[in-house]
Amino acid sequence: MDRLNGSANLMIVSDLDFTMVDHDDQENLALLRFNALWEAYYRHNSLLVYSTGRSPTIYKELRKQKPLLTPDITIMSVGTEITYGESMVPDDGWKQYLDHKWNRDIVMEETAKFPDLTSQSETEQRPHKVSFYLEKGKAPNVMQALSKCLEKRGLDVKIIYSNGIALDILPKGAGKGRALAFLLEKLKAGGLGPLNTLVCGDSGNDAELFTVPEVNGVLVSNAQEELLQWYAENARGNPKIMHATERCAAGIMQAIANFSLGPNLSPRDIRDSMLNRKVLGPSHVVVMFYIFYERWRRGEVENPEQYIQNLKSVFHSTGNFVHPSGVDQPMHQTIDTLAKAFGDKKGQDFRVWVDRVSFAEVSLGSWQVNFDKWELSGEILFLTLVC
């Protein structure tokens, strides 16, 4: 977040599974479209926040499996953990806040009295979260009885049921919504409070996100029954909350347009992106180039010779490409090398995306752009740090 000099233009706060990530989209096309949109238009002055029920362990597993961008902030374990940046520095103030009227040992003692509760894996048991599986038909009665037991023991807790199977017990002050409210207060105090916030979800544990004041919200089209029920009872007719007609990341982009939050057309949706001379900035150029690079190697570019000439005209004649190894090569020579790779990934599962794009003007009209370039070839991921 050090790149921000003031209020973030937009903050997107999104659940992951079946919201940002569509596990039924094996090619991750909607997610890749969102990635291109974010890095081209938003990364430099906005904030990306993931708010997930996943623990840090299985969140990191998902990062290895899917082409997810690096978030600025990660809210995990159903709003009980907040971390910052790629190194995931924990928010100790949030930890201290959650300790109020919370005793994990007592929670374990009382839940042991309910045979219908099946403990989730050890990775999902966190300092401020105790998680179980519970059949949907038994959930209402168990939740009511358990709540009374814990209250009698002097605890102030919140019990959340989601996805028709998962039950989480948290401190009363925890949850995705309260974590977001805490985060917004902290950002405003630091002068970074977003001008606009968009929350995105699909399941019951996302409902709290939509109750945070002054946010816009989107339920993706594939939202689950418990969230749709909450929407029908609490938010139908609210102009700041919409039910998208598109799934997952495509629904998020639809919401950006619906609430007029900024550009919503992904560079991946522009077929001849490298022939489009309307360039908005260095990050836009980088995103367009690597979409072209992917299509080039997949053999999907028509009139390849015309594109090569266009590339040479786009880049300054004295421009250089500096490889992370330190090799400095004229950009036009790099383009000539690219010409020889046309179609070498044709028919293969080959995708390219960029992450953490940043740029600085080093002299009048000259820019240094830093970013991570990811390549997915089959099931193998390759990362290159580019300057």
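**Notebook: a sheet, a buried helix and a loop residue**

I began with strand β10 (residues 197-201) and strand β11 (residues 216-219), and I found that they pair in the parallel sense over 4 bridges. I note here that I am working with a predicted model.

I turned to helix α1, which has 13 residues and reaches 18 Å from its first C-alpha to its last, close to the 18 Å expected at 1.5 Å a residue. Is this helix mostly buried or exposed? I noted that 11 of its 13 residues are buried, so α1 is largely enclosed by the rest of the structure. Among the buried residues I listed Leu-31, Phe-34, Asn-35, Trp-38 and Glu-39. When I checked what the buried residues of α1 pack against, I found β1, β2 (47-51), α8, α9 and β15 (350-363).

Helix α1 (residues 29-41) and helix α9 (residues 282-297) pack at an angle of about 150°, with their axes 7 Å apart. An angle over 145 degrees counts as roughly antiparallel, and I therefore recorded α1 and α9 as roughly antiparallel to each other. On the α1 side I found Ala-36, Glu-39, Ala-40 and Tyr-41, which meet Ser-283, His-284, Val-287 and Ile-291 in α9. Sorting this contact by class, I wrote down 5 nonpolar, 2 polar and 1 charged residues.

My last entry concerns Asp-156, which I found in the loop between α5 (139-152) and β8 (157-162). I recorded Asp-156 as partly exposed, because its relative accessible area is 30%, and partly exposed covers the range between under 20% for buried and over 50% for exposed. Leaving aside its neighbours within four places in sequence, I found Asp-156 in contact with Lys-101, Pro-171 and Lys-172. I also looked up Gly-85, which is 71 residues from Asp-156 along the chain, and noted that their C-alpha atoms are separated by 31 Å.

Technical notes: Residues are numbered from 1 along each chain as its sequence is written. This is a predicted model: local features need pLDDT of at least 70, side-chain atom pairs count only at pLDDT 80 or more; totals for chains, interfaces and linings use all residues. Side-chain values use heavy atoms; hydrogens and water are left out. Axes are lines fitted to C-alpha atoms, for helices over the stretch in contact, and angles run from 0 to 180 degrees between N-to-C directions. Helices (H or I, at least four residues) and strands (E, at least two) are DSSP runs, numbered from the N terminus. Angles under 35 degrees count as roughly parallel, over 145 as roughly antiparallel, 65 to 115 as roughly perpendicular and the rest as oblique. Contact means heavy atoms within 4.5 Å. Ala, Val, Leu, Ile, Met, Phe, Trp, Tyr, Cys and Pro count as nonpolar, Asp, Glu, Lys and Arg as charged, and the others, Gly among them, as polar. Two strands pair if DSSP finds at least two bridges between them. Buried means under 20% relative accessible area, exposed over 50%, partly exposed in between (1.4 Å probe, protein chains only). The expected span of a helix is 1.5 Å times one less than its number of residues.
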